[in-house]
Amino acid sequence: MELFVPDEIDLRILHHLIEDSSLSHKEIGLLVHLTGQAVGARVRKMQDAGIIEGYTLRWNPEKIGQTIHAFITVFLNSGTVHSAFLAFARKHPSIVEIHRVSGEGCYWMRLRMSSQSELNTMLDELTQYGNYKLSFSLGEIE
């Protein structure tokens, strides 16, 4: 497989998509002085090369009642519970991010929830795998 090296125009297209992934190829073309079809071809090449892995959107979880935003450091009881813990974490809808880490703890999780009781239930379930340290977000810095 040939290595794709993006040029300056590809990087400008990528920048515009990062800023607003809802822009059409035609709209980006106007910004980088190409046709929409040419932008589409460049975007496909970047997708095929793995430079563009997917698209996302920004949203406001508080508008749908997810007012609890917390971070949990997980300390597993033993090395044998990793797979069971990961199965639990992957199926739990409130856990939006999980990282295996070095240093303090085994995993860091970020979660969003609607209520304190929902959080307490999840924390009770979590104790079967180990201990945890909970930190609440006071606000995101942009």
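Start with helices H1 and H2, whose crossing is right-handed. By class, their contact has five nonpolar residues, one polar and one charged. The model on screen is a predicted one.

**Stop 1: H1 against H2**

Select residues 8–19 for H1 and residues 25–32 for H2. Two packed helices are described by the angle between their axes and the distance between the axes. Here the angle is about 125 degrees, and the axes of H1 and H2 are 10 Å apart. An angle from 65 to 115 degrees would count as roughly perpendicular, and one over 145 as roughly antiparallel. H1 and H2 are therefore oblique to each other.

Now show the side chains where the two helices meet. On H1, pick Arg-12, Ile-13, His-16 and Leu-17. Facing them on H2 are Ile-28, Leu-31 and Val-32.

**Stop 2: H1 against H3**

Which residues of H1 meet H3? Select Ile-9, Asp-10, Ile-13, Leu-14 and Leu-17 on H1, then Val-39, Arg-42, Val-43 and Met-46 on H3. Sorted by class, the contact of H1 with H3 has seven nonpolar residues, no polar ones and two charged ones. Ile-13 and Leu-17 also belong to the H1 side of the contact with H2.

**Stop 3: H2 against H3**

On the H2 side, select His-25, Lys-26, Ile-28, Gly-29 and Val-32. On the H3 side, select Gly-36, Val-39, Gly-40 and Val-43. The classes in the contact of H2 with H3 are four nonpolar, four polar and one charged.

**Stop 4: His-33**

Move to His-33, in the loop between H2 and H3. Is His-33 buried or exposed? Its relative accessibility is 68%, so His-33 counts as exposed. Check its backbone as well. Most residues other than glycine have a negative phi. His-33 is not a glycine, yet its phi is positive, at about 65 degrees.

**Stop 5: Ile-52**

Follow the chain past H3 to Ile-52, in the loop between H3 and E1. Ile-52 has a relative accessibility of 10% and so counts as buried. Beyond its neighbours within four places in sequence, Ile-52 is in contact with Leu-14, Leu-17, Val-43, Met-46 and Gln-47. Draw a distance from Ile-52 to Leu-17: the two are 35 residues apart in sequence, and their C-alpha atoms are 9.5 Å apart.

**Stop 6: the largest nonpolar core**

In soluble globular proteins, nonpolar side chains tend to be buried together. The largest nonpolar core in this model has 20 residues. Those that touch the most other members are Ile-72, Val-74, Phe-85, Met-109, Met-122 and Leu-126. Which elements give two or more residues to this core? They are strand E1 (68–76), helix H4 (82–91), strand E3 (107–113) and helix H5 (116–126). E1 gives the most, with five residues.

A second, separate core has nine residues, including Ile-13, Val-39, Met-46 and Ile-52.

Go back to Leu-126. Apart from neighbours within four places in sequence, its contacts are Ile-72, Val-74, Phe-85, Phe-88, Met-109 and Tyr-132.

**Stop 7: Tyr-132**

Select Tyr-132, in strand E4 (residues 130–136). With a relative accessible area of 27%, Tyr-132 is partly exposed. Leaving out neighbours within four places in sequence, Tyr-132 touches Ile-72, Thr-73, Val-74, Phe-75, Leu-123, Leu-126 and Thr-127. For a distance to draw, take Gln-66: it lies 66 residues from Tyr-132 along the chain, with 21 Å between the C-alpha atoms.

**Stop 8: His-92**

End at His-92, in the loop between H4 and strand E2 (95–100). Is His-92 buried or exposed? Its relative accessible area is 12%, so His-92 is buried. Setting aside neighbours within four places in sequence, show Met-113, Met-122 and Glu-125, which are in contact with His-92.

Terms used. Residues numbered from 1 in each chain as written. Predicted model: local features only at pLDDT ≥ 70, side-chain atom pairs only at ≥ 80, totals over all residues. Heavy atoms only, no water. Axes fitted to C-alpha atoms, helices over the stretch in contact; angles between N-to-C directions. Helix = DSSP H or I, 4+ residues; strand = E, 2+ residues; numbered from the N terminus. Parallel < 35°, antiparallel > 145°, perpendicular 65-115°, else oblique. Left-handed = near helix turned anticlockwise from the far one by under 90°. Contact = heavy atoms within 4.5 Å. Nonpolar A, V, L, I, M, F, W, Y, C, P; charged D, E, K, R; others polar. Core = buried A, V, L, I, M, F, W, Y, C linked by side-chain atoms within 4.5 Å. Buried < 20%, exposed > 50% of the residue type's maximum accessible area, 1.4 Å probe, protein only.
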